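The sequence and the structure are shown here for reference.

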Amino acid sequence: MARSRTTGAPDTPDAPAPVPHVADSHDLIRVHGARENNLKDVGVEIPKRRLTVFTGVSGSGKSSLVFDTIAAESQRLINETYSSFVQGFMPTSARPEVDVLDGLTTVISVDQQRMGGDPRSTVGTATDVNAMLRILFSRLGTPHIGPPSAFAFNVPSVRASGAITVERGARKAVKATFSRTGGMCPRCEGRGAVTDLDLTQLFDDSKSLAEGALTVPGYKAGGWNHRLYSESGFYDPDKPIRKFTKRELHDFLHHEPVRMKIAGINMTYEGLIPRIRKSMLAKDREGMQPHVREFVDRAVTFTTCPDCDGTRLSEGARSSKIDGVGIADACAMQISDLAAWVRGLDEPSVGPLLDRLRHSLDSFSEIGLGYLALDRPAGTLSGGEAQRVKMVRHLGSSLTDVTYVFDEPTTGLHPHDIRRMNDLLLRLRDKGNTVLVVEHEPETIAIADHVVDLGPGAGTDGGTVCFEGTVEGLRAGGTVTGRHLDDRTALKEAVRESTGVLAIRGATAHNLRGVDVDIPLGVLVAVTGVAGSGKSSLVHGSIPADDGVVSVDQTPIRGSRRSNPATYTGLLDPIRKAFAKANGVKPALFSANSEGACPTCNGAGVVYTDLAMMAGTATTCEDCEGKRFQAAVLEHHLGGRDISEVLAMPVTEAEEFFGSGEARTPAAHRILQRLADVGLGYLSLGQPLTTLSGGERQRLKLATHMADKGGVYVLDEPTTGLHLADVEQLLGLLDRLVDSGKSVIVVEHHQAVMAHADWIIDLGPGAGHDGGRIVFEGTPADLVAARSTLTGEHLAAYVGA
C-alpha cells in the first residue's frame, strides 16, 4: 500500500494532497524594472533548472539583461559575503539598475572575452592541466630534477647567499643560502621566442646622421630625438654610419644611459636599440599609432629561441622524462593524443592525479577542442575557442543548483559540432542547474525550454521583451526572431565567373599538409570545415599580406569608455575640422579629450568617486550636465547643432545631416555611409565602445576596413554575433563588395553564407592532425550534390536538398 510522503501512514482515497514545502516555491528568477544600458524597465520571470535562451537582434539588450544585470548582481552579492579586508583587494561593482532581483543563485559566467595576450599564457596554464603535468613529472620523471616549479616555464631559477640578521633575543647575523629551481629558459625568459631588431629598418647606413640616416618614426632631422644623437659628441654626425669605428657603432647602438646637456637642456642619452625597445616595443601593439605600428611590424623579427627550441623550458626541465616523453613533448602533443598517452600510464602512487588529468583531457575532446595542444598561446584562440576552454573546468563539477551563463557558445563551431555543444548544455541542465544562453543559432534556440526574445530593434529601438515562452510560441509570435527562425538561404541559380586565381602552393602553416589550392578572384569564396581543420591557417597564414589584401580578423577592439564609434572610425577628425572652419576656432576645442574638455570631469561626462571596498559611484557632472564639453565650446554651432548634439545623433540621422546643407562634409558622410552599410545605423556617434555588443564591434571594425584600398577582402567569421535578420544584410554587403570588383574570401560556418557563395573550399576531414587537407573545391550546388564531406551533408540538410 502506498504511504504518505510526509507522515508515513497509508494513503486513503480522500486524504488531501501533501502541501509542497515552502522551500520548493522558489522556482523562478524574477527580474523587474531592469534599466541597464538600453533596457527599458524590463521584467521577466526565468524558470530555474531549465535551459533558457535569450534571442534578439545584435544590440537589443540580451547581454545587458543576462550579464550586466543577473550575473553582475549575483557576483556582487557573493563578493559581499567576504570580509571588508578581502573586499578591498577585489574589483568592485555597483548594484545594477534594477528594481527587483529575486531567486538568484550562484552564477558561473562563461563569456567570450578573449584570453590575455601574455606570451607566457597557454592553453595548459589557463586550464590548470599544466599544473597537474608538472606534479606528474616531478614525481615520476627521471632524472628527478626538483619540485613542480622546476617544470614551470614562468618560474626562473634563483640562487642567493649572504648574511641575514635574525631579530630574536640578542641580534645575531647568520649566514644563509637560498635556491629555487625553476623551469624557465633563461635566454627567452619563458616566451619561446626572442626578438631581434632589423637594423636596416632603423637607419640607412650609407648616409650620415646630418643627411637624415635615421628612419625611425619621430626621429626626423631637427627634432629632439634626432638632435640627441647628432649632437651627443660620441661620433661625427657628418660621417656615414657604415664608416663608424667599432667603438662609435657601439656608442650609437648600445651605449648605456648617461646624462648630458643638448642645447642647454639636460637629457639622457642611450644607444638607439635600448631606447627603441623601451619607447616602442614595451607598448601594447594595439595602442600604438598606425604609423608606429607599421614601423614595429617592419623592424621587429620574432625568431624561435635557439636555446630551448621554442619549448620555453630550461635544459633541466627538458631532460626529465617519463617513458621517453618529456613535459615539452607532452605539451606539444595534440590533446587527444596526450589523453591516450596519459591513459597508458599505470602508476598507483599518483592514481588520483592521473584520474583527474584524464578527466580534464577528455573534457577537451568532448567540447570539440581535442585538436589543440597545451603549448598553444592563449592569445591566439578565437572567441569561441576561448569560451570552450573556460568550460573545461565546469564539465565535471559536482555543483548543482548553479546558474550557468553562456555568451553565444556556438560561435566558431561547424554545424557538426553544434550538436555536441547542445548536448553539453542539456547535460548541465539535467544535473539540476539553471542554464542561461545568449544565442542566435536556430539549432540551439530549438532545444530551449524557455525563450526570452528582446527587441524589437537595436540600441534605443530595443530594450523591451517582445516574447516570453516556448520555441513553438516564438515561431508563431510574429517577432523579428520568430519570423526569421526558419529562414533558409537558397542556393544560387547562377554563380559568378572568376576573373583570375590566387595560387597557394605547399602551405604548411600549423596543421596544413602541403596544401595546393587556387582561390578564385572576383567572386565570393567561402572557406569551410570543422573547427580546427586549418581554415584560418590557410587564409591568414598562406595568403600574402601585401598591399592588395585587407584582412578583418577576430582580434577584439580595444578602447576605454572615452572611445566611441566617432573616434574609432576617424569620423571625429572631419567633424572637428568642419566645426572649426565654420566658427573660425581651433579643431582641438571640439575634442572631449583635449582643449574642449569640461575641466570638472576632464571630458568624461561623469565624476567617479572611489569608495574602497564599496562600489564606486559615478555621478553626472554638474558643470557640463554629462555633455563632456566646456560651456564656451557648446556656443559654437554647425548647421544649427553644437558638438554634443552631433555626438548624440544616431548614424542614420548624422548621415543625412552631413550629406547636405550647411553641415555638408563629404569626408564624414563617406564614413557614416559605411557604418550604415554594415547595419549600425542605430548607433549613437558618441556611444562608449565599452557598451557595444560583440557583433556590433565586429561590424564597426568591418566598416573601418571597407575604406582600405585593396582588391582582396579576407573576413574571419563575419556572422559572429549577428541575428538571423542581420545575416541577410551582411550577404547584401558582401554582394556589393564583389560587384564593385573586389574579391571576398570568407572563413565561415554559417550555412546561409555557404549557400550564397560562388565557390567553396572545404578543409578536413577532421580537426588537428586529422585535418589540414582540401576535401572539396567547387560550387555550393556541387557540394550539396556530392554530400561527400560533413559540410556537404549539413548544407544539403539546410537547403532541403
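This is a predicted model: local features need pLDDT of at least 70, side-chain atom pairs count only at pLDDT 80 or more; totals for chains, interfaces and linings use all residues.

The chain is divided into five parts, several of them built from separate stretches: domain 1 comprises 22-114 + 381-485, domain 2 comprises 123-186 + 309-367, domain 3 covers 193-304, domain 4 comprises 487-557 + 697-800, and domain 5 covers 561-691. Between the centres of domain 2 and domain 3, taken over C-alpha atoms, the separation is 41 Å.

Aromatic contacts come next. A pair of aromatic rings is described by the distance of the centres and the angle of the planes. In the whole structure, 14 aromatic pairs are found, and the table gives two of them.

| Pair | Geometry | Centre to centre | Angle between planes |
|---|---|---|---|
| Phe234 and Tyr269 | tilted | 5.0 Å | 45 degrees |
| Tyr404 and Phe406 | stacked | 6.4 Å | 15 degrees |

Phe234 lies in the loop between helix 5 (224-230) and helix 6 (246-254), while Tyr269 belongs to strand 10 (residues 265-269), so their pair ties together parts that are 35 residues apart in sequence. Phe234 counts as partly exposed, because its relative accessibility is 27%, whereas Tyr269 is buried, with a relative accessible area of 0%. Both residues belong to a cluster in which ring pairs link Phe203, Tyr219, Tyr229, Phe234, Tyr235, Phe244, Phe252 and Tyr269.

The open sheet consists of six strands in the order 21-24-25-20-26-27, with mixed pairing. Strand 21 (549-552) and strand 27 (773-778) stand at the edges with a single partner strand each, so one side of each has no neighbour in the sheet. On average, neighbouring strands of this sheet are turned by 15 degrees against each other, direction ignored. Within the sheet, strand 20 (residues 524-528) and strand 25 (residues 743-747) pair in the parallel sense over four bridges, and Val525 stands opposite Ile745 in strand 25.

Helix 25 (residues 724-739) packs on the sheet, where it touches strand 20, strand 24 and strand 25, and its direction makes about 145 degrees with that of strand 25. Helix 18 (residues 535-542) lies across strand 20, strand 21, strand 24 (712-716), strand 25, strand 26 (759-764) and strand 27, and runs at about 145 degrees to strand 24.

Methods. Residues are numbered from 1 along each chain as its sequence is written. Side-chain values use heavy atoms; hydrogens and water are left out. Domain bounds come from an automatic or database domain assignment. Rings of Phe, Tyr and Trp (its six-membered ring) pair if their centres lie within 6.5 Å; planes under 30 degrees apart count as stacked, over 60 as edge-to-face and the rest as tilted. Helices (H or I, at least four residues) and strands (E, at least two) are DSSP runs, numbered from the N terminus. Buried means under 20% relative accessible area, exposed over 50%, partly exposed in between (1.4 Å probe, protein chains only). Two strands pair if DSSP finds at least two bridges between them. Axes are lines fitted to C-alpha atoms, for helices over the stretch in contact, and angles run from 0 to 180 degrees between N-to-C directions. Contact means heavy atoms within 4.5 Å.
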